[in-house]
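Student: Hey, could you walk me through this one? I've only just opened it.

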2 protein chains.
Amino acid sequence: MNTKNAPALHELAQDFREALRHSVYLVRRLDADGDLSAAQLSTLKMLLDDGVRVGEIARNLGVRVPSATEQIIKLERAGLARREADPDDSRAVRVVLTAEGRGAVESANQRRNAVMAGILESLTDDDRRALAAALPVIEKINSTLQN
Amino acid sequence: MNTKNAPALHELAQDFREALRHSVYLVRRLDADGDLSAAQLSTLKMLLDDGVRVGEIARNLGVRVPSATEQIIKLERAGLARREADPDDSRAVRVVLTAEGRGAVESANQRRNAVMAGILESLTDDDRRALAAALPVIEKINSTLQN
DNA sequence: TCCTAACTATTAGGATACCTAAGTATGAAC
DNA sequence: GTTCATACTTAGGTATCCTAATAGTTAGGA
């Protein structure tokens, strides 16, 4: 892999920023599709680990607690999630998926993945390899921001 | 580079989608900083080529024309852009940057790049190479969506 | 020529998702 | 047991996007 010099930091930063900015359109395309908004799907996905606190959800999504509450209330009204008392701490609320919510995550994921797969179809094998190699790096970057 | 098999399309699609979804937080971090919102900076950047039509801006940003108009009006009120009659077509409007607008793009870019560089600082050389190799692929993907 | 259809942009009205600030209830520390 | 911190909700406001309706301009065919 060490066949090229590592790129200069400030250039890489600028190019990566551009790429992310341009990807806004791609993300919109993926989310335009379904019956579940991007924010709601993200929130639902947090619940795949059962019994998550509101504050935890907010922190993982990178939003403030009231925004998380708002989404959860919507999901609850849609019958996709349920709020339960935390047995250990009466201040806290544990949010769980309903069966319907689990199905909604599943199908929304599949639909979006299909759209993305259609978009990536035209990539060459080299392109795919290059993209796949970068994804763990991007996840590494993102994971450093989680606090 | 051909040392691994190319990843399966549907897995790559899913992983890339995850990576983009997780990057929302990173993008928010970059944009939280400045005095110029993400939407406004994106719109301003479109104007670096002088005399761009409203419809062209909208198309390039991947939004509808009224949304572009809205941003342009804000930028105009802030003294960063100016709308001018198109000499060739009286229906059309050409939007141009003011000197102040040009400065604003410059400084907003620099600030965001500095934040991003700080975040990327901890990457290894291999990480940087992998990321840099994927950026043209991502741009290729994005460019296929521009219509 | 003139009429119609297509195009360009704006205005109006509404939805979503985020924010801060303030309020309620519970827990923990002394 | 008072006080401070924590967990969540409620209230109010802002930014960005959308669709539908409107006004003005251009272009093409009868």
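Student: What covers the buried residues of α1(B)?
Tutor: The cover includes α1 (9-32), α2 (38-46), α5 (99-120) and α6 (125-143) of chain A, plus α5 (99-120) and α6 (125-143) of chain B. This is a predicted model, where local features need pLDDT of at least 70, side-chain atom pairs count only at pLDDT 80 or more, and totals for chains, interfaces and linings use all residues. Residues are numbered from 1 along each chain as its sequence is written, chains are lettered from A in the order in which they are written, and side-chain values use heavy atoms, with hydrogens and water left out.

Student: Okay, and which residues of α1(B) are buried?
Tutor: Among them are Leu12(B), Phe16(B), Arg17(B), Leu20(B), Arg21(B) and Tyr25(B). Buried means under 20% relative accessible area (1.4 Å probe, protein chains only).

Student: Where is the kink in α1(B) centred?
Tutor: On Val24(B), with a kink of about 35°. The bend at a residue is the angle between axes fitted to the seven residues ending there and the seven starting there.

Student: What lines the largest cavity?
Tutor: Phe16(A), Ala19(A), Leu20(A), Ser23(A), Ile138(A), Phe16(B), Leu20(B), Ser23(B) and Ile138(B). The largest share, four residues, comes from α1(A).

Notes: Helix = DSSP H or I, 4+ residues; strand = E, 2+ residues; numbered from the N terminus. Buried < 20%, exposed > 50% of the residue type's maximum accessible area, 1.4 Å probe, protein only. Contact = heavy atoms within 4.5 Å. 1 Å grid on protein atoms, 1.4 Å probe; cavity = no way out; pocket = protein on both sides within 12 Å on 5 of 7 lines; lining within 4 Å.
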